[in-house]
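Today I opened a new model and kept notes on what I looked up. Here are my entries, in the order I wrote them.

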Amino acid sequence: MSDIIQLLPDVVANQIAAGEVVQRPASVVKELLENAVDAKATDIKLIIVDAGRSLIQVIDNGSGMSQTDARMSFERHATSKIKTADDLFNLFSNGFRGEALASIAAIAHVTLKTKQENQELGTQIQINGGEIISQELISKPTGTSIEVKNLFYNIPARRNFLKSNTIETRHIIDAFQRVALTYPNINFSLIHNDNEIFRLPTGNSKLESGNLKQRIVNVFGKKIDEKLVPIHEETEILKIGGFIAKPNYAKKKRGEQFFFVNGRFIKSHYLHHAVLGGFENLIPHGYHPSYFLYLTVPPKSIDINIHPTKTEVKFDNEKDLYAIIRSTIKHSLGQYNVAPVLDFEKNPSLDTPYEYKNKDINSPLVNINPEFNPFKNEENSKSFFQKKDLNPSWESLYASVENSETEKDNTSQNLFDADIENSGNSTFQIHQKYILSTIRSGIVLIDQNAAHQRILYEDFLKKITVVGIGKQQLLFPKEFSVNKNDTQIILDLKSDLENAGFQFDILKNEIVSVKAIPASLKEDQIINLFEMLIDNIKNEVPNSNFSQFDSIAKSLAKSTAIKKGTKLSIKEQEEIVNNLFLCKEPNFSPFGKKTFITITTKELEDKFNF
Ligand code: ADP
Ligand code: MG
């Protein structure tokens with residue numbers, strides 16, 4: 001039989017590689033912008049026509065290329081950025097695989113114009129579908145311009161896969177913003193169909209953070225300006241800079257969430273979760289915080305996936321980074337008086353696992369007036385819900401609870417029955433859903449389910465991490481089956497679950513056999529609880545102790561909390577009311593739902609006067 005193996009022609013190989021590098025117009029944008037940055041440009045202009053289908057052009061004032069290099073740049077594995085294997089580990093530029101230009105040229109009509117500073121004339125090269133059509137000398141200013149026309153013209157399948165212009169443009173803008181935010185010291189502009197969408201001049205601040213702030217404001221609009229809180233932390237394993245937006249800037253849509261690690265934009269679900277942890281309970285359910293965080297870690301401690309289109313990284317010590325980020329954010333929100341400190345000091349897994357070098361750990365400022373007693377009558381101080389106009393703010397609630405260690409015992413009674421004239425009930429249940437009580441300034445309506453979840457959650461968290469939960473042996477083991485994947489999750493949680501009062505084995509065929517459960521749990525809640533737990537864990541962060549305790553406490557709280565539709569005795573109602581306001585974070589359920597609302601007498605009066 002004759003030989004049948006052949007080498008692929010370069011053009012075909014490049015087309016195949018192109019599929020990897022270039023998924024959509026935005027991928028071209030990313031590659032070209034990064035090349036311009038690597039060429040030390042200080043001014044970079046991106047021009048787009050028809051969401052990049054007709055034209056993507058990047059013009060820079062960088063180093064430019066010699067005639068030979070201009071031609072070489074379209075060869076596969078042609079790069080000026082790596083000479084030895086060692087360079088791979090000390091990489092400060094963006095590209096290095098030398099594949100982008102070759103790939104792009106294989107699937108589009110490309111015109112390159114480039115000139116170096118010391119050259120009289122520049123070079124222009126035309127390449128269509130990987131084939132060089134022409135090369136000539138031209139006159140042009142120093143720098144490089146690359147025009148990419150008719151992307152995917154020779155790969156109809158790809159072209160047909162492109163989404164609507166709106167979506168492709170969105171991707172292009174995302175790619176542009178990421179690069180622009182990575183390099184606040186470079187001027188960028190973006191012109192789409194002849195409209196200038198972004199003009200991002202560099203700042204004139206002497207401080208790097210000032211320029212970064214200006215860049216963020218130029219990209220996202222003036223509204224974000226006074227909402228930005230600077231972040232700064234320096235430890236041996238991680239340096240953090242950048243900004244977060246205050247909780248009241250949180251948005252319904254996700255999007256303004258940026259991590260840069262050692263000068264590269266990355267995505268990390270894990271670190272994102274750490275940031276969310278920092279904002280815990282300050283942002284209502286369904287809203288997303290904005291953040292622009294610039295992390296620096298020792299290069300050896302990360303593995304940036306070198307796949308050109310991937311933005312994921314792997315950190316050696318991600319648990320530590322998680323804890324540092326989370327507490328830094330909490331710290332900063334506290335320091336700038338945005339929020340009080342919310343950490344559960346009792347959770348040992350959250351102990352900051354690093355040394356603050358030569359530095360006192362300053363407690364974030366929570367303004368507590370030692371004289372202020374929210375629970376006293378009016379002549380002493382304003383009522384607690386009146387302190388900040390009509391809205392009970394977090395600070396006032398928190399300060400009052402925090403402040404009242406010694407008052408805890410009489411707190412709740414005073415707070416809630418001060419205004420009750422007759423000796424009747426101090427609480428009422430409404431439609432077996434809400435508990436109504438009066439307060440000096442008006443009324444408070446408590447969601448019984450959300451409030452009870454909050455109470456139980458804090459209680460469980462404390463017990464799991466510190467005290468341990470009492471357990472009850474089951475007469476007969478409760479058995480149920482789960483899938484393979486979930487078996488692993490449950491196994492991983494075993495010791496935590498045992499702390500929480502469970503005792504179980506995993507039998508053959510993914511059968512879970514539960515022998516003992518926490519004292520407060522009912523037998524018929526077991527399956528539901530495990531399902532919820534697995535679900536929570538899947539949606540949260542792997543390998544974080546905190547998250548596991550947290551998930552267990554949350555799931556237990558949700559399963560065992562009093563449901564809507566449950567009739568409560570006066571005593572039970574009062575217990576909820578009292579215990580809720582002894583919680584560290586009474587405003588929200590562990591899932592971010594509001595636990596209560598207040599209506600002031602003034603608001604009631606207004607309603608009657610209309
Ligand atoms: P890589 O960036 O991985 O090296 P590319 O295919 O993106 O590979 O680019 C190949 C080479 O072309 C680069 O290494 C660089 O030398 C040169 N080059 C590309 N774009 C520019 C530019 N805008 N200015 C100067 N040189 C460039
Ligand atoms: Mg490149």
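**Entry 1: H6 and H7**

I looked at how helix H6 (residues 165–182) and helix H7 (residues 208–220) pass each other: their axes come within 9 Å and cross at roughly 160°. H6 and H7 are therefore roughly antiparallel to each other. I noted the cut-offs: angles under 35 degrees count as roughly parallel, over 145 as roughly antiparallel, 65 to 115 as roughly perpendicular, and the rest as oblique. Axes are lines fitted to C-alpha atoms, for helices over the stretch in contact, and the angles run from 0 to 180 degrees between N-to-C directions. Helices (H or I, at least four residues) and strands (E, at least two) are DSSP runs, numbered from the N terminus.

I reminded myself that this is a predicted model, in which local features need pLDDT of at least 70 and side-chain atom pairs count only at pLDDT 80 or more, while totals for chains, interfaces and linings use all residues. Residues are numbered from 1 along each chain as its sequence is written, chains are lettered from A and ligands numbered from 1 in the order in which they are written, and side-chain values use heavy atoms, with hydrogens and water left out.

Which residues meet here? I found Gln 177, Ala 180 and Leu 181 on the H6 side, and Leu 212, Arg 215, Ile 216, Val 219 and Phe 220 on the H7 side; contact means heavy atoms within 4.5 Å. By class I have six nonpolar, one polar and one charged. Here Ala, Val, Leu, Ile, Met, Phe, Trp, Tyr, Cys and Pro count as nonpolar, Asp, Glu, Lys and Arg as charged, and the others, Gly among them, as polar.

Next I followed helix H2 (residues 25–38), whose 14 residues reach 20 Å from first C-alpha to last, close to the 20 Å expected at 1.5 Å a residue. The expected span is 1.5 Å times one less than the number of residues.

Twelve of the 14 residues of H2 are buried, so this helix is largely enclosed by the rest of the structure. Buried means under 20% relative accessible area, exposed over 50%, and partly exposed in between (1.4 Å probe, protein chains only).

I found H2 and H6 packing at an angle of about 20°, with their axes 8 Å apart. They are therefore roughly parallel to each other. Pro 25, Ala 26, Val 29, Leu 33 and Val 37 of H2 meet Glu 168, His 171, Ile 172, Ala 175, Phe 176 and Val 179 of H6. I sorted this contact into nine nonpolar, one polar and one charged residues.

**Entry 2: positive phi**

Most residues other than glycine have a negative phi. Just after H2, Lys 40 takes a positive phi of about 65°.

Ala 51 also has a positive phi, of about 50°, and lies in the loop between strand E1 (43–49) and strand E2 (55–60). Is Ala 51 buried or exposed? It is buried, with a relative accessible area of 0%.

Asn 150 has a positive phi of about 50° in the loop between strand E6 (143–149) and helix H5 (156–161). At 30% relative accessibility, Asn 150 counts as partly exposed.

**Entry 3: Ile 490**

I ended with Ile 490 in helix H13 (residues 484–492), buried at 1% relative accessibility. Beyond four places in sequence, its contacts include Val 482, Phe 504 and Val 512.
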